Amino acid sequence: MGKKRKHSETGAAANENKEETAVERPKRTLLGFKDGSSTTTEQQQKESSIATFRNKEKVLVTCSRRISYRYRHLMLNLVSLLPHCKKDNKVESKDSKGATLNELVELKSCSSCLFFECRKGKDLYMWMAKCPNGPSVKFLVNAVHTMEELKLTGNHLKGSRPILTFSSSFDKQPHWKLLKEMFMQIFGTPKDHRKSKPFYDHVFVFSILDDHMWFRNYQISCPHTGTAQKIDRGDLEKMTLVEVGPRFCLNPIKIFAGSFGGPTLYENPFYVAPNQIRSLEKKQKAGKYAKKVKAKTRRKMHQLSNPLEVDEFADMWKE
């Protein structure tokens, strides 16, 4: 019979085998296990987050108090066209509205803002700003036609993503390039947004004419020849655009470096304020009245300087 091993020798041999086979257990922390493999996974996650960009654009749409019904309907039309926007209560149009709007944008966790400001119940100004660092643009809105007013035949899905088209004039001057980028970020619906639909069935058209920006919204309509859901290649050639609305014209006034203020980056030299236009019209009407008064005084002076000769037969039938 062989000799029995001592207990100490067997324990040491078992420990050696355990050290060879067993792997060190990673240290546990509050955020998980601290290990070299976890650091590699964290690096891979960082690299994947750097490689893929997710658009989380959200737009706050609001207006000032005492806004007219036509301008309010225009704002509601834009809210229905932008599924990634959030509507808020009316804001008082004061000098401190910039700080108030920036705070509202932060509370609503948005990154952009569209603010419709109505003055004197006649003039509509639209602020388009990237919050909180800027830039921001102030427009005068003209030629407003809402969807309810136009009653056009075009129709598209609510919440569908639009195709943005810009005229070639946007690439000629630097301030138009900046406006193009802002329109792309604010009016473009982010991909995979929870309120959007993954379809492109309408087009937003931005065009420049006479230093004014014109907005149009068209539905993409394709005729179906067969009963199948898929569209034939011949039907794609017959694709047409049907206008949906709304329509409006934007006249840029100033571009600021900050959000709702700051240093002026661009100022429109051709801009004329609506108050100045109305005062010129009143002066023209006042000029017409002054011409009438002068004509009357001239007529009286002419009659006094050239009196009529006495008619010898004037009193013949009075006897």
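Accessible area is computed here by the Shrake-Rupley method with a 1.4 Å probe. By that method, the chain in this predicted model exposes about 22600 Å², and carbon and sulfur atoms supply 53% of this area. The chain has 319 residues, of which 33% count as buried. Its secondary structure consists of 8 helices and 13 strands.

**Contacts along the chain**

- Among contacts with a separation of 6 or more, 68% are between residues 24 or more positions apart.

**Strand β12 and its partners**

- Strand β12 covers residues 247–258, and it is largely enclosed by the rest of the structure because 9 of its 12 residues are buried.
- Strand β7 (residues 136–145) pairs with β12 in the antiparallel sense, over 8 bridges. In this pairing, F139 stands opposite P252 of β12.
- Strand β10 (residues 212–221) also runs antiparallel to β12 and is joined to it by 3 bridges. Here M213 has L250 in β12 as its bridge partner.
- Strand β13 (residues 261–267) pairs with β12 over 4 bridges, again in the antiparallel sense. G258 stands opposite G261 in β13.
- β12 and β13 form a hairpin, with 2 residues between the strands. F260, in the turn, has a positive phi of about 60°.

- In soluble globular proteins, nonpolar side chains tend to be buried together.
- The largest nonpolar core of this model has 36 residues, and L114, F116, F183 and F187 have the most contacts inside it. Helix α6 (residues 174–187) gives the largest share of this core, with 6 residues.
- Another core, of 13 residues, lies apart from the largest one; L101, V105, C113 and F115 are among its members.
- Leaving out residues up to four places away in sequence, F116 touches V61, T62, C63, S64, I67, M75, L78, L124, Y125 and M126.

**A nonpolar patch on the surface**

- F313, M316 and W317 form a nonpolar patch on the surface, and together they have about 440 Å² of accessible area.
- W317 lies in the segment after α8, the helix of residues 274–305.
- Is W317 buried or exposed? Its relative accessibility is 77%, and the cut-off for exposed is over 50%, so W317 counts as exposed.

Technical notes. Residues are numbered from 1 along each chain as its sequence is written. This is a predicted model: local features need pLDDT of at least 70, side-chain atom pairs count only at pLDDT 80 or more; totals for chains, interfaces and linings use all residues. Side-chain values use heavy atoms; hydrogens and water are left out. Patches are made of residues with over 30% relative accessible area and no salt bridge: like charges are joined within 9 Å, nonpolar side chains (Val, Leu, Ile, Met, Phe, Trp, Tyr) within 5 Å. A salt bridge is a side-chain nitrogen of Lys or Arg within 4 Å of a carboxyl oxygen of Asp or Glu. Buried means under 20% relative accessible area, exposed over 50%, partly exposed in between (1.4 Å probe, protein chains only). Contact means heavy atoms within 4.5 Å. Two strands pair if DSSP finds at least two bridges between them. A nonpolar core is a set of buried Ala, Val, Leu, Ile, Met, Phe, Trp, Tyr and Cys residues joined through side-chain atoms within 4.5 Å.
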